[in-house]
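Reader: Hi! Could you walk me through this one? I'd like to begin with how the chains meet.

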Amino acid sequence: MKQAGVFRHAAVRLLGLIPTLLVLITIAFFLIRIAPGGPFDAEKVLPPEIRANLDANYHLDEPLLQQYFRYLGQIVTGDFGPSFQYKDWTVNELIARGFPVSATIGGLAMALAFVLGTLIGTFAALKQNSVIDYSVMGVAMLGISIPNFVVAPLLILGTAVYAGWLPAGGWDWSWQRMVLPVVTLALPVVAYIARLTRGSMIEVLHSNYIRTARAKGLPERQVIRRHAFKPAILPVISYMGPATAALITGSVVIERIYSIPGLGSYFVQGALNRDYTLVLGVVIFYGIVIVVLNFIVDLLYAWLNPRIRYDEAQ
Amino acid sequence: MKPEAETKGLDLTVEDPFAEVFVEKDVRGRSLWLDAWQRMLKNKAAVVSGVIMLVMVLMVIFGPMLLPWEPDYTDWDNTASPPSMETRHWFGTDAVGRDILVRTLEGGRISLLVGLVATLVSLVIGVSYGAVAGYYGGMTDRVMMRVVDIIYALPFMFFVILLMVVFGRNIVLIFVAIGAVNWLDMARIVRGQTLSLKNTEFVEAARACGVDHRAIILRHIIPNLLGVVMVYVTLTIPQVILVESFLSFLGLGVQEPMSSWGALVNDGAQDMESAPWTLVFPAAFLTVTLYCFNYIGDGMRDALDPKDHL
Amino acid sequence: MPLLSISNLEVEFETAEGVVKAVNGMTFDVFEGETLAIVGESGAGKSQLVLSFMGLLAENGSVSGEAKFRGEDLLQMKPRELNRIRGRHIAMIFQDPMTSLNPFLSIEKQMTEVVRHHQGLSREEARAHAVEMLRAVRIPDPEERIKQYPHEYSGGMRQRVMIAIGLLCAPELLIADEPSTALDVTVQAQITELVGELRKKTKMALVLITHDLAAVAEISDRIIVMYAGEAVETGTVDEIFYSPQHPYTRGLIASVPRLDRISDDELQAIPGNPPNLLELPIGCNFRDRCSEATEQCLERPPVWRATSGRTSRCFQGIEGGEIVNE
């Protein structure tokens with residue numbers, strides 16, 4: 001019954017992803033296409049026949065709706081088409097180059113944020129209303145308020161320029177070059193998760209079932225670990241969906257500041273160069289990533305929460 | 001502090017002469033807001049933040065008028081000069097000799113303005129959407145909320161960037177674009193509140209009297225949403241400021257000669273090794289603002305909804 | 001030696017409005033194998049009394065006095081020492097079975113952890129023991145149901161599970177805090193009956209907290225009547241029911257529906273509400289609601305004790321006993 005519940009839950013949610021993705025692709029596609037001027041307008045000197053050639057090559061001479069369905073068909077087969085600016089590259093190739101880098105930084109940042117955030121939040125909850133609690137939460141609020149792009153230069157200035165401990169930027173898959181970007185990216189998420197955990201942990205610690213656990217004579221450590229932790233991190237689990245989106249967004253800035261050749265860098269470059277196919281491709285690709293990760297988070301939540309498991313199985 | 005006996009005696013005579021009438025008219029309303037206000041005043045972080053923000057707003061509005069420099073004036077004698085009293089560039093100058101203080105205050109105008117206007121945009125969309133969905137309920141509600149769910153799953157920051165790329169960068173578009181993608185939370189909250197308000201006696205009474213739906217929503221539902229909405233407005237403003245500065249930092253936001261804190265941080269980050277002050281001051285203004293707004297929002301939430309605050 | 005000896009126990013809560021004294025100078029003993037009922041309206045301090053010596057007060061609460069279990073003061077114990085007693089020698093069942101079980105853990109985990117921790121049983125032993133206990137509280141098909149989660153149980157069934165958890169280590173003392181209040185009327189009787197029956201079988205002592213005097217008549221040996229944080233009357237069940245001394249006790253008895261009294265107007269609730277603990281009346285706490293109050297009640301009545309050992313805090317009947325304290 002347990003497995004059946006999760007399975008059904010998964011199937012229902014999986015079907016729910018389709019309209020979301022369709023809306024995502026549709027909005028993104030038409031937004032790009034209603035842009036004043038075509039993608040080759042910047043290159044004004046193009047002779048008409050070459051221009052027509054280019055348009056035909058990229059199917060820009062077809063009616064809009066036909067282009068839309070052609071694009072949709074392409075995406076279903078996993079093809080994002082060629083890049084307008086990086087002439088010899090397809091968008092797929094650019095994604096394949098950039099995404100592993102971005103995913104590594106993002107994944108590490110997420111792991112760091114989850115571990116650190118829940119630990120700090122639990123700690124603050126256990127010391128509720130003490131000086132430690134207030135200072136930790138004050139710092140957490142700062143972590144939420146201070147933008148990535150302010151933290152990054154300051155970190156570079158402190159640890160790289162003045163102290164010389166770490167490289168200021170660049171990318172070679174070495175841990176030294178990962179430290180600063182991962183920390184910068186994780187910081188606001190750590191802070192947010194810490195606040196979230198503190199709040200829910202305090203609530204859980206006041207619940208009747210925790211009182212029961214204490215009345216059983218279990219050591220406080222076990223009460224927290226076994227009885228309080230899981231319910232207290234449920235809000236954190238549901239936050240991980242939005243957190244993914246925040247990390248991906250943040251990576252756009254981080255990669256630029258630390259000169260990391262990730263997907264975010266390509267995206268910004270594409271945006272600045274009006275590389276429509278690249279921008280469109282990356283938006284849709286990231287949309288898919290976020291939607292899929294949300295779906296996984298959703299499953300995780302259901303798996304952790306016996307009540308949902310049960311309801312779905314009924 | 002006065003001795004207890006004395007204040008007790010005095011209290012009666014000092015009392016607001018209108019208080020009695022007021023109390024009779026609307027006991028619940030008065031005490032609710034008054035209670036909230038008093039709880040808010042007890043929250044030191046929120047009060048301090050409020051005062052700082054007030055000072056910040058005044059500085060940003062009047063500062064540039066009082067300072068001896070124009071934001072785009074280039075002081076060729078003092079390029080990239082550190083903060084100093086003598087040159088009268090208290091925050092120093094950037095690489096082309098522009099005064100950082102006046103530029104920071106000017107940038108603050110844009111940042112705060114964007115924060116305010118874009119929040120208003122999201123407020124209008126979110127409140128009307130949420131109120132309608134919650135009020136009509138049923139199928140309407142389900143469809144409307146499903147739409148919100150779908151949009152929620154989209155990487156909205158990328159859509160803002162997409163909008164900027166497609167339509168070019170201009171300030172009105174920034175307002176609309178940021179506001180248009182930021183209304184989802186507001187819609188959800190308002191819908192939830194409306195659902196619970198809908199079944200209260202005063203709304204049912206109004207409906208029984210034949211008041212039409214539009215009037216009920218406008219006169220009875222929306223005023224009662226005020227508390228929640230205020231909290232969310234306060235929490236949305238820093239988010240919006242952050243999004244704008246994010247865009248400007250990437251070079252996709254406001255354009256020269258206009259500036260905002262994000263754009264200034266971006267400029268400063270380029271020169272931070274030789275002239276760190278160009279980074280530090282705008283960054284500090286931006287961070288302090290976001291920090292304060294978050295504390296005010298938190299304080300308001302706790303004050304209006306004390307059960308959340310254990 | 002009594003199993004549990006409470007003396008002069010006080011519980012205070014710090015609130016925004018001031019310090020609330022929820023329990024004021026309670027002194028009583030619980031003997032091995034007996035059933036003691038603590039009866040009073042909600043807010044009388046019954047729950048806080050037991051929570052205090054179990055170390056389960058809310059953060060703003062503090063306790064003073066003595067609570068000796070087998071001669072050791074529970075109030076002086078460090079958390080580690082207290083944890084050796086809780087769950088093993090003293091077990092507790094709470095008021096609200098719907099929220100007292102952890103919704104995220106299976107019944108099996110919530111049961112086996114107790115014996116595994118206190119008695120060091122292996123997983124299999126603990127499981128077998130837990131199944132046995134579920135059978136003892138009459139959960140049908142316990143081998144299967146032990147795998148389930150609390151939400152798959154009804155309220156009455158959850159309370160049975162709570163009782164089973166309480167009994168796992170065969171404690172010397174079981175404290176049941178309104179174990180049936182939150183349940184359906186028909187289930188209430190079953191639960192109370194079950195608790196009484198299990199107590200007889202296991203020979204443990206039982207402290208039963210309730211607002212319902214009638215419900216405990218059958219299964220208790222002695223009764224303490226509490227009002228506004230104090231014991232107003234103590235005695236055996238017979239003493240309390242057949243010759244109640246305190247007007248409050250008489251009021252409680254009068255409000256119990258009985259088959260031999262048919263007319264409605266004889267069944268009467270005590271008028272008024274329990275006093276605000278922040279502003280207790282001058283003199284007797286019960287004065288405002290007492291139909292028999294006199295001028296004398298403006299003074300605080302002392303506690304008197306009869307030769308039989310029963311006590312009352314009232315000027316009535318004072319000549320039949322000896323004054324114990326002011």
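Author: Happy to. This is a predicted model. The contact between chain C and chain A takes 29 residues from chain C and 27 residues from chain A.

Reader: Nice. How much area do chain C and chain A bury between them?

Author: About 2,400 Å², with 58% of it on carbon and sulfur atoms. On the chain C side, C:F104, C:E113 and C:H151 supply 28% of the area buried against chain A, more than any other three residues.

Reader: And how many salt bridges are there across the interface of chain C and chain A?

Author: The rule finds two. In one salt bridge, C:E113 pairs with A:K216, and their closest N and O atoms are 2.7 Å apart.

Reader: Which elements give two or more residues to the side of chain C that touches chain A?

Author: Those are β6 (90–93), α3 (97–100), α4 (107–119) and α7 (155–167) of chain C. α4(C) gives the most, with six residues. By class, that side of chain C has 14 nonpolar, nine polar and six charged residues.

Reader: Zooming out, which chains share the most contacts?

Author: Chains A and B do, of the two pairs of chains in contact. Chain B and chain C do not touch, and their nearest C-alpha atoms are 11 Å apart.

Reader: Changing topic: where is A:I144 found?

Author: A:I144 sits in helix α5 (residues 131–145) of chain A.

Reader: Why does A:I144 count as partly exposed?

Author: Because its relative accessibility is 22%, and buried would mean under 20%.

Reader: OK, and what is A:I144 in contact with, leaving aside its neighbours within four places in sequence?

Author: In chain A, A:I144 is in contact with A:P188, A:A191, A:Y192 and A:R195, and in chain B with B:N294. As for A:F80, 64 residues away along the chain, its C-alpha atom is separated from that of A:I144 by 35 Å.

Reader: Last one, a helix in chain B. How far does α6 reach from its first C-alpha to its last?

Author: Helix α6 of chain B, residues 138–152, reaches 21 Å over its 15 residues, close to the 21 Å expected at 1.5 Å a residue.

Reader: Which residues of α6(B) are buried?

Author: B:D141, B:M144, B:M145, B:V148 and B:I150 are buried there. As background, an α-helix has 3.6 residues a turn, so residues three or four places apart point the same way.

Conventions:
Residues numbered from 1 in each chain as written. Chains lettered and ligands numbered in written order. Predicted model: local features only at pLDDT ≥ 70, side-chain atom pairs only at ≥ 80, totals over all residues. Heavy atoms only, no water. Helix = DSSP H or I, 4+ residues; strand = E, 2+ residues; numbered from the N terminus. Expected span 1.5 Å × (residues − 1). Buried < 20%, exposed > 50% of the residue type's maximum accessible area, 1.4 Å probe, protein only. Contact = heavy atoms within 4.5 Å. Buried area = accessible area lost by both parts, 1.4 Å probe. Salt bridge = Lys/Arg side-chain N within 4 Å of Asp/Glu carboxyl O. Nonpolar A, V, L, I, M, F, W, Y, C, P; charged D, E, K, R; others polar.
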